[in-house]
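Work through the exercises below with the sequence and the model open. Try each task before reading its solution.

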Amino acid sequence: MFGTLKAFAFIAASLSATVVLGAATSSAGGVIITLPPRSTDVGIKKVPDAAHPYIAPGPNDQRGPCPALNTLANHGYIPRNGIASFEEILAGTREGFNMDRDLAGFLAGFSMMARGNAYLNKLSIGSVSPQIPVVPGAIDGPAPPGGIAKHDRFEGDVSMTRQDFNNGDDVHFQIDLFDEFLSAIAEFGDDDPVHGPASIVNMKVMQEFKFQRFQEAQAADATVSFHSSRIASSYNEAAFILTFFANGTDGLLSKQALTSIFQNQTFAPNWFRRSSPGTFDFIVDTAAEILAPHTIQPGANVNGVYVVDPPNNDCNAAYSDFVLNNLPHTLNNVTNPTFKKNIQTLLSIVATPFGCPELLPAGPVGQ
């Protein structure tokens, strides 16, 4: 099909002049985005620690479709209000899950350009926030950034525990879909002497449940969209769950740990993060294994019929789809020195893990 999923692969201008996790204000206004050094921290670590207790989100705190980011915010590994900088997302995903810098950089960098304010270095992990104004010049339309919860670009169809945008709630946890996940664990999961029979989420669980969700979405959503970047995001999400949600003590993902993060948005008791940083290639290779038994061609429903996309001969189909179709072309026209520098920084960060020549945004405005 694609050979390997690497053909797609893969989340106030008045801030003080002091450094905020590496991001400092500029004389041209805005906040300069910087890429931190790669962490060399290894070894399992108990998460959460005493400095990061669970606190339920308040009515004005942002939460969205990503259970990992929601959990990190509930424990204060990223700001509890759900408004984070690029550097804060990298620091939080490293501390909470030991995610490698380039993987986190791609996810946070793309999201910041697609759904955040890259001039102020602010991204909502949920929806529109009064703390994040319209980007300078309204280059992505007159509305404030929608946050990662806004449909398309970042959030997309065929989610594991959210409905498609056209069919229901695409932002909040859906217990009926999670029950399907639990049923897949009951059918295909491994036994464990501690957690009980059919209590461990294994590769087979992910392979079958992910394909089941695609079949359901394709049948129920007349305009389901599953182009190259969305296939990459969707299957990388499954790989992320299988590997980063597993307990670092034994490398196993129990049904209890899965439920804790998905349903309760908190870390399970006696949970340890993985010992080695999870890299971009590691996640992509795992995603390819999840996809392998039931290959899916990139495409979309047209009047309820799934139409496969034409062949893509670009260096990387997912990377080109991310940048050419999901980042507004007006990012190329930025003139403010800080804003322009930030876009250049983020475009380079997004391109790095794919190993492709850097592309310029060519997507629609206000999508």
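P48 sits in the loop that runs between strand 3 (45–46) and helix 1 (67–74). Helices (H or I, at least four residues) and strands (E, at least two) are DSSP runs, numbered from the N terminus. This is a predicted model: local features need pLDDT of at least 70, side-chain atom pairs count only at pLDDT 80 or more, and totals for chains, interfaces and linings use all residues. Residues are numbered from 1 along each chain as its sequence is written, and side-chain values use heavy atoms, with hydrogens and water left out.

**Exercise 1. Backbone details**

Task: State whether the peptide bond from V47 to P48 is cis or trans, then locate D152.

Solution: Start with omega. For V47 to P48 omega is near 0°, and the bond is cis. Next, go to the loop between strand 5 (123–124) and helix 4, where D152 is found. D152 is not a glycine, yet its phi is positive, near 75°.

**Exercise 2. Two packed helices**

Task: At what angle do helix 6 and helix 8 pack?

Solution: Axes are lines fitted to C-alpha atoms, for helices over the stretch in contact (heavy atoms within 4.5 Å), and angles run from 0 to 180 degrees between N-to-C directions. Helix 6 and helix 8 (residues 280–291) pack at about 110°, and their axes lie 8 Å apart. The two helices are therefore roughly perpendicular (65 to 115 degrees).

Then list the partners. Helix 6 brings Y235, N236, A238, A239, F240, L242, T243 and F244, and these meet F282, I283, V284, T286, A287, I290 and L291 of helix 8. This contact holds 12 nonpolar, 3 polar and no charged residues. Ala, Val, Leu, Ile, Met, Phe, Trp, Tyr, Cys and Pro count as nonpolar, Asp, Glu, Lys and Arg as charged, and the others, Gly among them, as polar.

**Exercise 3. Pocket and cavity**

Task: Which residues lie nearest the centre of the largest pocket, and which line the second largest cavity?

Solution: On a 1 Å grid over the protein atoms alone, a cavity is a set of points where a 1.4 Å probe fits but cannot get out; a pocket is an open set with protein on both sides within 12 Å along at least five of seven lines; lining residues have an atom within 4 Å of a point. Grid points are joined across faces, edges and corners, and a volume is the space filled by probe spheres set on the points.

The largest pocket has a volume of about 510 Å³. Its lining has 31 residues, with H227, S228, S229, D309 and D321 nearest the centre. By class, that lining has 10 nonpolar, 13 polar and 8 charged residues.

P36, P37, R38, S39, L90, R94, N98, M99, D100, R101, A104 and P277 line it.

Conventions. Parallel < 35°, antiparallel > 145°, perpendicular 65-115°, else oblique.
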